[in-house]
Amino acid sequence: MTKQQESEILTRVGPGTPMGNVLRHYWFPALKSSELVPDGAPVRFLLLGEQLIAFRDTQGRIGMMDHRCPHRCASLFFGRNEENGIRCVYHGWKYDYLGNCVDQPNLPPHRQFKEKVHAKAYRAAERNGIVYVYMGNAARVPPLPDIAALHIPESEANISFVLRNCNWLQGLEGDTDTSHLNFLHYGSQTMEDFEPTSVARFGAIHRDPEYKVAETELGTMYGAYRPADTGALYWRIAHFMFPCWTLAPYIPFEHYRIVRGWVPLDDTHMMFVVVGPKTGPGAQTEIRDLLPNTTDWLGRYQCVQNSGNDYLIDRQAQKTRSFTGIEGVHQQDQAVTESMGPITDHSFENLASSDLMIVMTRRRLLKAATALAENGTLPPGAEGGEAYGRMRGGYFSAPETRGWPDVYHLQLTAVGTESAAVAAE
């Protein structure tokens, strides 16, 4: 059981909180590149409990800053994005993409003090259709995450953003829980629904896998296994990688080029981000059935199916052809994670052996928060590195004589451990 004090640490992400301090050591995917147009309207968004705006200036550079003008706190969302800066409409003060004040037109020249005024701005970077934000110490900015899927060229990638109205940990933990797959998503499937040679069919036969878990240099991993063909086991391998990335076993191990992010917007909202190839092995389909974006703080990438309409659940379909009666794998996940409430009451839980990965991941997060707070120890992966590119998830069959975690490393060797950039090609 997770204690209430531990739950508070795990779920609170705002400035100055233990977990918020950990998370501010990493880059986060915040927007699609297509959302920002040179000299176009600023975009409101939340990240780690802060209200921010993003804009692309005349030269295409991206500004990320607190929405409040440092003069009198009027929102820069209403600002004029023009001539390489955002100009507050209240008194005309203007800021460049780095947050430097470059104009104070309501003051006489001898009264101006532009060089002393700075908007609270954060580092932005852009790669392959995604805009990232770094909200930590500007003196030590790590490289962008070196994950294979994030190196897929924008023209070849499917990139989906979807808002969830729940704490980030609820979403992430759903992605590190493999036993729900053959209930929530495929509970109505039988052996006849699988190709005779598909190893995934063993999940339908044995819905009660055993688990092995381990810490990694970047987070945690699990191997869920069950009987397969004679003398073999069907393995499903997944990773949690700091700060919020998961490699879930939805596709065969040898074809793995997908990553899923669980981005904390504030304590009770998160943005799900998934990136994978459009075509070829392991191809991903863009998540659709979204409402049109609005300019609200939480107005981007909301599902048509939501708590207000009970996710369009069809009770007749639930009786006849669908375990849930809810259409769409993502929407099924969203329904159950949001149904737990804005922040799960962890004291109400009764965790089981199927939750070993969840328990280990919570401990790993708590350990990182404690080490940073007490000793200033940087959390795992905070300095980047090639280790991200070497991690891989997915499913496969292997001889039952291969023990844990050797079975994972042997499979990794079999498919190759090239860098993330090469793996994405």
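## Overall architecture

The protein chain contains eleven helices and 18 strands, where helices (H or I, at least four residues) and strands (E, at least two) are DSSP runs numbered from the N terminus. The radius of gyration of the chain is 23 Å, close to the 22 Å that the globule rule gives for 425 residues, so the chain is as compact as a globular protein of that length; here the radius is taken over C-alpha atoms, and the rule is 2.2 Å times the number of residues to the power 0.38. This is a predicted model, in which local features need pLDDT of at least 70 and side-chain atom pairs count only at pLDDT 80 or more, while totals for chains, interfaces and linings use all residues. Residues are numbered from 1 along each chain as its sequence is written, and side-chain values use heavy atoms, with hydrogens and water left out.

Along its principal axes, the C-alpha trace spans about 85 × 50 × 45 Å. P108 belongs to the loop between β8 (101–103) and β9 (121–127), and its relative accessibility of 36% is why P108 counts as partly exposed.

Among contacts (heavy atoms within 4.5 Å) between residues at least 6 apart in sequence, 62% join residues at least 24 apart.

A buried position can be seen at T178, in the loop between α3 (168–175) and α4 (181–185), where the relative accessible area is 3%. When residues up to four places away in sequence are not counted, T178 touches Y211, Y222, A224, R226, R236 and P249. L291 is found in the loop between β17 (269–277) and α6 (315–320), and L291 counts as partly exposed because its relative accessibility is 36%.

## Helix α8

Helix α8 covers residues 356–375, and at 1.5 Å a residue its 20 residues should span 28 Å, which agrees with the 28 Å between its end C-alpha atoms; the expected span is 1.5 Å times one less than the number of residues. Just after α8, G376 takes a positive phi of about 70°.

The buried residues of α8 are M357, I358, M360, T361, R362, R364, L365, L366, A368, A369 and L372. These buried residues pack against helices α1 (4–11), α2 (18–23) and α3, and against strands β12 (210–215), β13 (219–227) and β14 (232–241).

## Salt bridges

The structure holds 21 salt bridges, each being a side-chain nitrogen of Lys or Arg within 4 Å of a carboxyl oxygen of Asp or Glu. One of them joins K367 to E215, with the closest N and O atoms 3.1 Å apart. Because K367 lies in helix α8 and E215 in strand β12, the pair ties together parts that are 152 residues apart in sequence. K367 is partly exposed, with a relative accessible area of 43%, and E215 is also partly exposed, at 42%.

Another salt bridge is formed by E286 and K32, whose closest N and O atoms are 3.6 Å apart. E286 lies in the loop between β17 and α6 and K32 in strand β1 (residues 27–32), so this pair ties together parts that are 254 residues apart in sequence. E286 is partly exposed, at 26% relative accessible area, whereas K32 counts as buried at 12%. D57 and R61 also form a salt bridge, with the closest N and O atoms 2.9 Å apart; D57 is buried at 0% relative accessibility, while R61 is partly exposed at 29%. Finally, R80, E82, R87 and D103 are linked in a network of salt bridges.

Technical notes
Buried < 20%, exposed > 50% of the residue type's maximum accessible area, 1.4 Å probe, protein only.
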